[in-house]
Structures are given as structure tokens and as C-alpha cells.
Amino acid sequence: MARLMDIISTILVLITACGSLEIAFGQQSKYDIVIANCERRIPIEPAQDLYDYIFKNKESVSDEVCQVLVKAGQPCHDVLINETLKRPEFKGLEIGILKRSDEIWKKCLSVATCVPQN
């Protein structure tokens, strides 16, 4: 009988642990899913150019990078900027970063609307 109770206890522990693992590792929040989807819409090289412009005060970005940004959409742009702003190295710099973010969005939007789509 004691052996049966040990087996049942072990099974209950495994079920509980598996459920906890699913919660911890198997489910993402809707916000995390949105971020992941947006990150997939902007390839690494254009993303790096945009990051350098917005967060590192690079001079400008190419028209091709602008096309990628506009295609990803302003909601993705805003989500990724806001997520990056959570990093401690940008604390106190939010106003300037948001200004550059807005500037590049407007520039890219004007560039993207002037270039014929294939």
C-alpha cells in the first residue's frame, strides 16, 4: 500500500511539474507574440540600421531600409521602439529617442510613398 501511495505521489508531482513547465515555457503573452512577429518583419540588417539611427544618432538610413520599415508598419515600429526603451541604458533618453523614432518614421513614410511598388 505504501508503494502505491509513493507511485501516486510521484505521478501527481510529475503532472504538477509538467503543468508548471508549460506555463513557464510553453505559453507566451500576446505582447511577446506581437514583438516576435514584428521582429520577423524587419530583417537584421535594416533593423540594425534603424537601431543605429534612432538609438546611436547615426546620420541617416537608406531608402531600402525605409521601404522595409514602412512595410512592417507603424504599430510594429512603435512596439519595437517602446520595447527597446525599456533597457536601462536608455533611461533618461526617452524624449530624444522618441523624437528620432518619429522623424525616421515620417521620412520613411514619405520615401516609401514616392517609390513605385513592384
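The mean pLDDT of the protein, a predicted model, is 81, and 74% of its residues reach 70 or more; pLDDT is the predictor's confidence in each residue, on a scale from 0 to 100. Over residues 4–23 the pLDDT is below 50, and this stretch has 2 contacts in the model beyond near neighbours in sequence. A contact here means heavy atoms within 4.5 Å. Where pLDDT is low, the predicted coordinates should not be read in detail. Residues are numbered from 1 along each chain as its sequence is written, and side-chain values use heavy atoms, with hydrogens and water left out. Local features need pLDDT of at least 70 and side-chain atom pairs count only at pLDDT 80 or more, whereas totals for chains, interfaces and linings use all residues.

The protein has 6 helices and 0 strands, so that its elements, read from the N terminus, run α-α-α-α-α-α. Helices (H or I, at least four residues) and strands (E, at least two) are DSSP runs, numbered from the N terminus. Of the 118 residues in the protein, 26% are buried. The term buried stands for under 20% relative accessible area, exposed for over 50%, and partly exposed for what lies in between, with a 1.4 Å probe and protein chains only. Among the contacts with a separation of 6 or more, 73% are accounted for by residues 24 or more positions apart.

The packing of the helices may be followed from helix 3 onwards. The axes of helix 3 and helix 4 come within 10 Å and cross at roughly 100 degrees. Axes are lines fitted to C-alpha atoms, for helices over the stretch in contact, and angles run from 0 to 180 degrees between N-to-C directions. Helix 3 and helix 4 are therefore roughly perpendicular to each other; angles under 35 degrees count as roughly parallel, over 145 as roughly antiparallel, 65 to 115 as roughly perpendicular and the rest as oblique. In this pair, Pro46, Asp49 and Leu50 of helix 3 make the contact with Val65, Val68 and Leu69 of helix 4. By class, these residues are 5 nonpolar, no polar and 1 charged.

The loop between helix 3 and helix 4 holds Asn57. Asn57 counts as exposed because its relative accessibility is 52%. Its phi is near 60 degrees, a positive value in a residue other than glycine.

Helix 4 also packs against helix 6, at an angle of about 100 degrees and with the axes 8 Å apart. These two helices are therefore roughly perpendicular to each other. Asp63, Cys66, Gln67, Leu69 and Val70 in helix 4 meet Trp105, Lys107, Cys108, Leu109, Val111 and Ala112 in helix 6. The residues of this contact divide into 8 nonpolar, 1 polar and 2 charged. Beyond residues up to four places away in sequence, Cys66 touches Val61, Lys107, Cys108 and Val111. The C-alpha atoms of Cys66 and Leu109 are separated by 7.3 Å, although these residues are 43 residues apart along the chain.

Helix 5 has Cys76, His77, Val79, Leu80, Ile81 and Thr84 as its buried residues. What covers them includes helix 2 (30–41), helix 3 (44–56), helix 4 (63–72) and helix 6 (94–114). Val79 counts as buried because its relative accessibility is 17%. Not counting residues up to four places away in sequence, Val79 touches Tyr31, Val34 and Ile35. Between the C-alpha atoms of Val79 and Glu39, 40 residues apart along the chain, the separation is 9.8 Å.

Thr84 belongs to helix 5, which spans residues 74–84. Thr84 is likewise buried, with a relative accessible area of 17%. Its side chain reaches the backbone oxygen of Leu80 at 2.8 Å. Leaving aside neighbours within four places in sequence, Thr84 is in contact with Tyr51, Phe55 and Phe90.

Ser101 is buried, with a relative accessible area of 5%. Apart from residues up to four places away in sequence, Ser101 touches Ile54, His77 and Ile81; His77 and Ile81 are among the buried residues of helix 5.

Terms used. Polar contact = N/O pair within 3.5 Å; in protein donor to acceptor, adjacent residues only side chain to side chain. Nonpolar A, V, L, I, M, F, W, Y, C, P; charged D, E, K, R; others polar.
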